[in-house]
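Here's a quick briefing to read alongside the coordinates. Have the viewer open and follow the side chains as they come up.

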Amino acid sequence: MLSIGPILVLLLISTLRIADGTHTSSFKDGICDSGEEQSPIDIETRGVIEIQNAQPIVFINYEHTNLTASLGSHTVKLTPSHDKSAGLGAGGIRNYYVLDSIHFHWGSEHTIDGERFPLEAHFVHYNSLYYPNIEKAFSDPGGLAVVAVLFRQGDPNNAIESLKSAIDRLLDGRNRDGHTSLHPDALLPKDTSAFYRYHGSLTTPPCTESVIWTVIQAPLSVSSSQVAWFQSLSLADGKHHSSNYRPVQPLNGRYVELHLPIYTNNAFIQHPCINLLLIILLIVFEI
């Protein structure tokens, strides 16, 4: 177990209302078509640059933030309550990024050595020290930080089952506000300390190249019936989507890092005084 000293050292060292879904026709214009740093990508593990003794990402208030579920045009979305400021810092990311939303892609967007996973969750954050909202952060090459979690087919996932229950009750009128019993940490692996990192774009229009991508190395499990549930949903566009991922994009000379941890754990901070201290340190030291 870590003492408070190393945690404070870590802190000292160091979300967009994404357009839902993937209509191929909407990617044919502008930067979606001409950009050189587009996402998602295929991560070829033999070509990554290993960063040894790296800092883990510190997730703040992830365990105590409530989530509300809704159906977008082409995805399922979770929006955090604003009574607590959930976000992330450290992990090689400067400043403090607030969690704006979580959404899902069935058929993962990122692939690993060509393997596509059945599900991928995106935790979308924006730099709240410089921008008042996510839209203002679009033009900054480091304005957004998206954490991607991959799901491998296996046992049923308890968090996905809770999400399914909330959406089913939303659809039949028993849960009009979309309330869920979920907190963001329920959709993260127990160990988030090893991850891939690269610079890229939103995977939906406007495809702005403003995203620091973090793809957690450890996957979660999801059952085939849970994936089938996503595919069966009638979303806000009135359609069922058997998949909603964007195909992988050329790397175009970009490098992908694999951050390997100083230690193995899941770094969460909930204490309000520590949260305030972190934000002050990030502002004062511009880390």
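What follows covers confidence, the disulfide, salt bridges and aromatic contacts.

Bear in mind that this is a predicted model. Mean pLDDT for the protein chain comes out at 85, with 80% of its residues at 70 or more. The search turned up 1 disulfide, 3 salt bridges and 6 aromatic pairs.

**Confidence**

**The disulfide**

- Cys32 and Cys207 are the partners here, with an S to S distance of 2.1 Å. The bond ties together distant parts of the chain, 175 residues apart: Cys32 belongs to helix α2 (residues 31-34), while Cys207 lies in the loop between β12 (195-200) and β13 (211-216).
- What's the handedness of the disulfide between Cys32 and Cys207? The torsion about its S-S bond is about 95 degrees, so the disulfide is right-handed.
- Are the two cysteines buried or exposed? Cys32 counts as buried because its relative accessibility is 8%, below the 20% cut-off. Cys207 is buried as well, with a relative accessible area of 0%.

**Salt bridges**

- Glu115 and Arg152 pair up through their side chains at 2.8 Å, N to O. This one links distant parts of the chain, with Glu115 in strand β9 (residues 115-116) and Arg152 in strand β11 (residues 144-153), 37 residues apart. Glu115 is partly exposed at a relative accessible area of 35%, and Arg152 counts as partly exposed at 38% relative accessibility.
- Lys164 and Asp168 make another salt bridge, at 3.1 Å, N to O. Why are they about one helical turn apart? Both sit in helix α3 (residues 158-171), and they are separated by about one turn because they're 4 residues apart. Lys164 counts as partly exposed, with 25% relative accessibility, and Asp168 counts as partly exposed at 27%.
- Asp172 bridges to Arg174, and their closest N and O atoms are 2.8 Å apart. Asp172 is partly exposed, with a relative accessible area of 45%. Arg174 counts as exposed: its relative accessibility is 57%, so it passes the 50% cut-off.

**Aromatic contacts**

- Among the 6 aromatic pairs is the one between Phe59 and Tyr62, which is tilted, with ring centres 4.9 Å apart and 55 degrees between the planes. Both of these residues, Phe59 and Tyr62, are buried.
- Which residues do ring pairs link into a cluster? Look for Phe104, Trp106, Trp229 and Phe230.
- Arg116 and Tyr245 are worth a look too: the charged end of Arg116 sits over the ring of Tyr245, 3.9 Å from the ring centre.

Notes
Residues are numbered from 1 along each chain as its sequence is written. Side-chain values use heavy atoms; hydrogens and water are left out. Rings of Phe, Tyr and Trp (its six-membered ring) pair if their centres lie within 6.5 Å; planes under 30 degrees apart count as stacked, over 60 as edge-to-face and the rest as tilted. Buried means under 20% relative accessible area, exposed over 50%, partly exposed in between (1.4 Å probe, protein chains only). A charge sits over a ring if NZ of Lys or CZ of Arg is within 6 Å of the ring centre and within 35 degrees of the ring normal. A disulfide is a pair of cysteine sulfur atoms within 2.5 Å. Helices (H or I, at least four residues) and strands (E, at least two) are DSSP runs, numbered from the N terminus. A salt bridge is a side-chain nitrogen of Lys or Arg within 4 Å of a carboxyl oxygen of Asp or Glu. pLDDT is the predictor's confidence in each residue, from 0 to 100.
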